[in-house]
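Here is a short report on packing, salt bridges and surface in one protein model. Please keep the structure open while reading.

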Amino acid sequence: MSDPAVTPSHEPPARLPGWRGIAADWSSDQRSFKTASWGKVMMWVFLLSDTFIFGCFLLSYMTARMSTTVTWPNASEVFSLEIAGHHMPLLLIAIMTFVLITSSGTMAMAVNYGYRRDRKKTAVLMLLTAAFGAMFVGMQAFEWSKLISEGVRPWENPFGAQQFGAIFFMITGFHGTHVTIGVIFLLIVARKVWRGDFDTGRPGFFTARKGRYEIVEIMGLYWHFVDLVWVFIFAFFYLW
């Protein structure tokens with residue numbers, strides 16, 4: 001007869017209180033985020049770090065604008081277009097904002113159809129999202145070329161405060177780089193979805209596991225973040 005004193009227990013060990021408990025959880029062999037994959041967690045960590053960077057850029061912009069003694073350029077005039085003899089303030093910026101917000105809707109639908117295993121609709125919606133992103137980058141390139149032709153430089157600005165050029169190119173350039181990277185990855189993932197790599201488990205980047213459409217959702221997190229950042233840039237830089 002076995003001794004009850006040495007009978008192994010299957011009950012979970014008692015949780016340690018305070019910081020010792022947190023350290024024990026992180027150092028254990030169990031996943032700390034039981035309801036989320038490491039792909040999602042790492043994307044959230046990346047987006048959080050990116051939030052700090054964009055936040056620093058916008059804070060620097062507000063500090064420079066409020067501290068300068070030179071008149072700050074009027075955004076409605078600087079970013080205006082002349083169409084058929086009519087003065088259109090912020091028309092291009094409004095179209096860019098509409099395009100990027102619309103792309104968030106198509107990306108959300110792509111995630112929805114991805115979890116339904118509808119390959120064609122998922123791929124088409126991701127390609128449509130990438131097309132909207134490419135349109136945004138193209139319009140931003142036009143905006144840059146227009147201002148450069150008018151004499152705006154990172155060190156020079158004919159419309160007022162010299163800091164305007166440096167801040168404009170820094171903030172919009174950093175955001176445009178994010179959009180461009182997002183478009184590239186959308187095209188890569190859309191191609192894999194269209195070929196059925198997630199259904200067959202075809203070896204390659206993002207497709208090591210069969211049926212893993214979660215990468216579409218992770219791309220959606222990134223894309224929605226890029227769109228949300230643009231809303232803040234639009235509000236602080238163009239409307240203020």
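## Contacts, core and surface

Setting aside neighbours up to four places off in sequence, F79 is in contact with M88, P89, L90, L91, I93, E143, L147, F164, F168, F237 and Y238. Contact here means heavy atoms within 4.5 Å. The model is predicted: local features need pLDDT of at least 70, side-chain atom pairs count only at pLDDT 80 or more, and totals for chains, interfaces and linings use all residues. Residues are numbered from 1 along each chain as its sequence is written, and side-chain values use heavy atoms, without hydrogens and water.

**Core.** F79 is among the residues with the most contacts inside the largest nonpolar core, together with M107, V216, W230, F237 and Y238. That core has 61 residues. A nonpolar core is a set of buried Ala, Val, Leu, Ile, Met, Phe, Trp, Tyr and Cys residues joined through side-chain atoms within 4.5 Å. Buried means under 20% relative accessible area, exposed means over 50%, and partly exposed lies in between (1.4 Å probe, protein chains only). The elements that give two or more residues to this core are α2 (38-67), α3 (75-78), α4 (91-115), α5 (119-149), α6 (163-195) and α8. Helices are DSSP runs (H or I, at least four residues), numbered from the N terminus. Which helix gives the most to this core? α8 does, with 15 residues.

**Helix α8.** This helix covers residues 214-238. Of its 25 residues, 18 are buried, so α8 is mostly covered. Its end C-alpha atoms are 35 Å apart, which agrees with the 36 Å that 25 residues should span at 1.5 Å a residue. The expected span is 1.5 Å times one less than the number of residues. α4 also has 25 residues, and reaches 37 Å between its first and last C-alpha, close to the expected 36 Å. R117 follows α4 and has a positive phi, near 65°.

**A buried glutamine.** Q140 sits in helix α5. Its relative accessibility is 5%, so Q140 counts as buried. Beyond four places in sequence, Q140 touches M96, T172, G176 and W230.

**Salt bridges.** The structure holds 3 salt bridges. Each is a side-chain nitrogen of Lys or Arg within 4 Å of a carboxyl oxygen of Asp or Glu.

| Pair | N to O distance |
|---|---|
| E217 and K40 | 3.1 Å |
| E150 and K146 | 3.0 Å |
| D197 and R195 | 2.6 Å |

E217 is partly exposed at 22% relative accessibility, whereas K40 is buried at 19%. In the second pair, E150 is partly exposed at 32% and K146 is buried at 18%. In the third, D197 is buried at 1%, while R195 is partly exposed at 32%.

**Surface patch.** I101, L228, V231 and F232 form a nonpolar patch with about 360 Å² of accessible area together. Areas come from the Shrake-Rupley method with a 1.4 Å probe; for residues, only the protein chains shown count as cover. Patch residues have over 30% relative accessible area and no salt bridge, and nonpolar side chains (Val, Leu, Ile, Met, Phe, Trp, Tyr) are joined within 5 Å. Helix α8 gives the most to this patch, with 3 residues. V231 lies in helix α8 and is partly exposed, at 37% relative accessible area.

Key: Patches are made of residues with over 30% relative accessible area and no salt bridge: like charges are joined within 9 Å, nonpolar side chains (Val, Leu, Ile, Met, Phe, Trp, Tyr) within 5 Å.
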